[in-house]
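Subject: Handover of a structure

Dear colleague,

Please find below the structure that I am handing over to you. My notes on it follow directly after.

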There are 2 protein chains.
Amino acid sequence: MTAPDFHVAGLGNALVDVLAHADDDFLIAHGIEKGAMTLVDEAHATRVYSALGPTVQVSGGSLANATAGLASLGGKAAFIGKVRDDQLGMAFSHDIRALGVSFKTAAATQGPATGRCLIVVTPDAQRSMTTYLGAAQDLTPEDVDPETISRAAITFLEGYLWDPPGAKQAFVKAAKIAHDANRQVALTLSDSFCVDRYRTEFRQLVADEVDILFANEAEIMSLYEVDTFDAALQIVSGQAPVAALTRSAAGSVIVVNGEIHVVDAEMPTALVDTTGAGDQFAAGFLYGWATGRSPVDCARIGSICAAEVIAHMGPRPETSLADLVAARGL
Amino acid sequence: MTAPDFHVAGLGNALVDVLAHADDDFLIAHGIEKGAMTLVDEAHATRVYSALGPTVQVSGGSLANATAGLASLGGKAAFIGKVRDDQLGMAFSHDIRALGVSFKTAAATQGPATGRCLIVVTPDAQRSMTTYLGAAQDLTPEDVDPETISRAAITFLEGYLWDPPGAKQAFVKAAKIAHDANRQVALTLSDSFCVDRYRTEFRQLVADEVDILFANEAEIMSLYEVDTFDAALQIVSGQAPVAALTRSAAGSVIVVNGEIHVVDAEMPTALVDTTGAGDQFAAGFLYGWATGRSPVDCARIGSICAAEVIAHMGPRPETSLADLVAARGL
């Protein structure tokens, strides 16, 4: 096995985030599930957008955010995902490449526009997402470049990929290439409603395919249909070789081959917008893992990255994560 | 004369701002004049964009920003400007309408894409702009709705409008409609390089057409080709009925019918990005003027608005200017 060229190759839905502030009444009036990601069609997305106040547009997409974080940590990352050759797609491509992330997936030249994630940030800094997948629906197995996957220490996949049918097949193909090349496969469960949609498949993936699992409390409890975090913890510790379970301000719990570690959260300097917190935790953890840190240090790095992104609007770091981590002696 | 329905009608280039952080070496490498606005063609804009780091896209355009500020102050504003019917144009239209600004100019259905202003923010919070006017070049006198202009207490025009040929004619038409309806005409000189391009015309406008003039130190000194601010002040006080001259941290100097007032600046809570500072000062001043405040109070309101926008990235207020002004007892 040759040394990998990338710490992480991420495969995910390529989306542009459209961020706006609103209160809880807005969520209720538009039937938006607080804290969750709801898939909608283009007409529905347009209705919600029309009702929003002024917006900020920044590149997003959970796995793309994670590769952006990895680049900010000084790591080498690749991203595979589908945009259209429109203004939003060009902005997405520019932004991720500007960070030094390798992004070679061909943009669609026809079909739906680049996907958008309308993110309502409420005064408690919680984010609630209404997503129109757009061109992300057109990701196919042909977009999975075997060379990129086999050159990455870790291939990182998102549960959200089970929503677009072709993307699911791309997911399966990428996992197989990674394992055939003796690399590791990481998965984030993405969202508790996403887990509801694909519980059986996700349980099987965690038991059979996943080397490193990321989930928050709601997601891991949904996966095993249990009422307490501890009950989910006891089950997952016998299923996944590595599980990094995030608990917001309560920190994280890391399981490595059945050994459990409880790690404190890094407190953000301000509580502005939780968009991207999970993505940046995963970026930090995977960067630590790919560079041989201890499980606890991986979680500490992840927590520093999450704290940075919570302190401002938008899902990607605005300051050098490498500097922040170095300042903590990690 | 009936009471006006709008405090301000703004006519200006409709642009989407593309913001990125970079250092002074980036400006030098790309021949960008620090602190200024440089007009470029699409190919040049694409070259600069390609070299930029990750970006944030927000609606901009100097006069559009001012009408946004006016709405945030609780005022009634209208905006006239040209976008294309593309993704950026739709975002521009959404954002300004979401603030409650009346925006009825028909989007172009052919021709250049919506205009973009690439804004490099250096570590000293200074902004340097590279602008591709795009669809803003297609603003014509037909876009100037006489009803909107005649219903506004103040018609606010920008020097930048002299760059696109049709826009200049739109400027002249709007000023005539406003004066014929016994309304006031305000002008911002926009940028010292813009003053260089149109000095003769701008001097004549200030002497003959403008009721309220906005300029910063560099612009007013360029207008009269003098080496000191005071020299420019002495000249302009005999030319424009009202001149609001901004001096960054040194505050502002207001001239009303030859009477001079010197007003302190409001200090921002953080020095992040000066984009939009002049626009928001003008918004605050004009809101004060249209609601009958004293010249000094107009300047104080303007300064509070400028301080808000300097404390974050982007050219439009992120918090209610009405609340900030009320908190200061104004």
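How many residues does the contact take from chain A and from chain B? In this predicted model, 18 residues of chain A and 18 residues of chain B take part in the contact. On the side of chain A that touches chain B, at least two residues each come from strand E4 (56-59) and helix H4 (87-98) of chain A. H4(A) gives the most to this side, namely six residues. By residue class, the side of chain A that touches chain B divides into nine nonpolar, six polar and three charged residues.

Turning to chain B, nine of its strands form an open sheet with mixed pairing, in the order E6-E5-E1-E9-E10-E11-E12-E13-E14. The edges of this sheet are strand E6 (102-103) and strand E14 (259-263) of chain B, each of which pairs on one side only. Within the sheet, strand E9 (residues 152-158) and strand E10 (residues 184-188) of chain B pair in the parallel sense over five bridges. In this pairing, B:Ile154 stands opposite B:Gln184 of E10(B).

With kind regards

Key
Residues are numbered from 1 along each chain as its sequence is written. Chains are lettered from A and ligands numbered from 1 in the order in which they are written. This is a predicted model: local features need pLDDT of at least 70, side-chain atom pairs count only at pLDDT 80 or more; totals for chains, interfaces and linings use all residues. Two residues are in contact if their C-beta atoms, placed from the backbone, lie within 7 Å. Helices (H or I, at least four residues) and strands (E, at least two) are DSSP runs, numbered from the N terminus. Ala, Val, Leu, Ile, Met, Phe, Trp, Tyr, Cys and Pro count as nonpolar, Asp, Glu, Lys and Arg as charged, and the others, Gly among them, as polar. Two strands pair if DSSP finds at least two bridges between them.
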